[in-house]
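Let us walk through this structure together, beginning with the surroundings of the ligand and then turning to the pockets.

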Amino acid sequence: MKRIAVVMAMSAEASPVLTALSAEAATGVAPLVVRWFTATRHRSEILIALNGRDRRFGVDSIGTEPAALSTYVAIDRFRPDVVISAGTAGGWERAGGAIGDVYVSDGCVVHHDRRIALEGFREYGIGAYPVLPARQMAATLGLKTGIVTTSNSLDENDDDRLMISASGAAVKDMEAAAVAYVCEQMSVPFMALKAITDLVDHPTATADQFNANLSMAAKRLSEKLLEVLDWLIPRERGDMS
Ligand code: ADE
């Protein structure tokens with residue numbers, strides 16, 4: 001694969017990988033929506049699309065809307081062979097998750113906060129967007145695999161919990177389904193790579209776990225993302241064996 005786009009939300013999540021790739025900031029690219037960094041690795045072009053900083057609130061633009069915009073711009077202008085939604089996420093002890101684990105998406109990516117009790121729209125709300133088959137890669141690189149589920153909240157309510165348990169998701173984030181949605185609409189292969197900062201079923205508050213583990217998880221993500229790039233680069237689009 002000659003062109004790989006990595007869509008990320010928080011600059012703290014991206015910082016180790018930008019350093020490891022010696023990525024350079026690109027100028028003049030939809031500055032209100034994204035901050036772009038480019039790098040070359042084994043003669044492949046790597047784009048790190050950061051979802052930007054909110055103009056009014058001054059914080060990193062986490063969540064689905066910036067992720068969808070960023071992914072659209074990345075695909076439209078960079079024409080990647082594959083898009084990776086990379087970042088941090090919550091996991092569950094009950095699903096075998098541990099802080100610092102890195103998961104690759106498996107099966108599909110879903111939403112757990114879009115409940116639409118109308119004929120045909122229930123499935124539309126959940127999404128179940130396709131992901132690249134990555135079990136072989138996961139076994140080789142020591143990644144865990146699981147369904148990734150997305151909402152725009154760091155926490156979850158009882159209705160979210162019902163949808164999460166129905167999907168059997170092992171990883172919970174705030175962007176993957178939005179990135180996967182755009183990829184499906186634009187026929188670009190997709191995968192999510194997520195490092196666990198917090199365990200949702202642990203008694204410690206999610207935000208406290210997240211703050212305590214963000215820097216360590218971002219380093220783990222960077223290490224595994226480089227290995228994933230090195231796995232993908234020599235392969236053809238559609239060949240994950
Ligand atoms: N990112 C990191 N931890 C998360 C969680 N528990 N839920 C959603 N996104 C997250």
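In this predicted model, the elements that each supply at least two residues of the shell around the ligand are the strands β5 (82-91), β9 (171-173) and β10 (190-199), together with the helix α7 (206-232). Among these contributors, β5 gives the largest share, namely three residues. If you look for the individual neighbours, you will find that the ligand is surrounded by Thr88, Ala89, Gly90, Leu154, Lys172, Asp173, Met174, Thr197, Asp198, Thr206 and Phe210. Sorted by class, this shell holds four nonpolar, four polar and three charged residues.

Some of these neighbours can now be examined atom by atom. A nitrogen atom of the ligand lies 2.5 Å from an N or O atom in the side chain of Asp198, and a nitrogen atom of the ligand is also found 2.7 Å from an N or O atom in the side chain of Lys172.

By class, the lining of the largest pocket divides into eight nonpolar, five polar and six charged residues.

To find such spaces, one can follow a simple idea: rolling a probe the size of a water molecule over the atoms shows where empty space is left.

The second largest pocket has a volume of about 200 Å³. Its lining consists of 13 residues, of which Arg114, Arg122, Ile126, Met163 and Ala166 lie nearest the centre. The strand β6 (102-111) and the helices α3 (121-126) and α5 (158-167) each supply at least two residues of this lining. Which classes of residue make up the lining of the second largest pocket? There are eight nonpolar, two polar and three charged residues in the lining of this second largest pocket.

Key. Residues numbered from 1 in each chain as written. Predicted model: local features only at pLDDT ≥ 70, side-chain atom pairs only at ≥ 80, totals over all residues. Heavy atoms only, no water. Near = heavy atom within 4 Å. Polar contact = N/O pair within 3.5 Å; in protein donor to acceptor, adjacent residues only side chain to side chain. Helix = DSSP H or I, 4+ residues; strand = E, 2+ residues; numbered from the N terminus. Nonpolar A, V, L, I, M, F, W, Y, C, P; charged D, E, K, R; others polar. 1 Å grid on protein atoms, 1.4 Å probe; cavity = no way out; pocket = protein on both sides within 12 Å on 5 of 7 lines; lining within 4 Å. Points joined across faces, edges and corners; volume = space filled by probe spheres on them.
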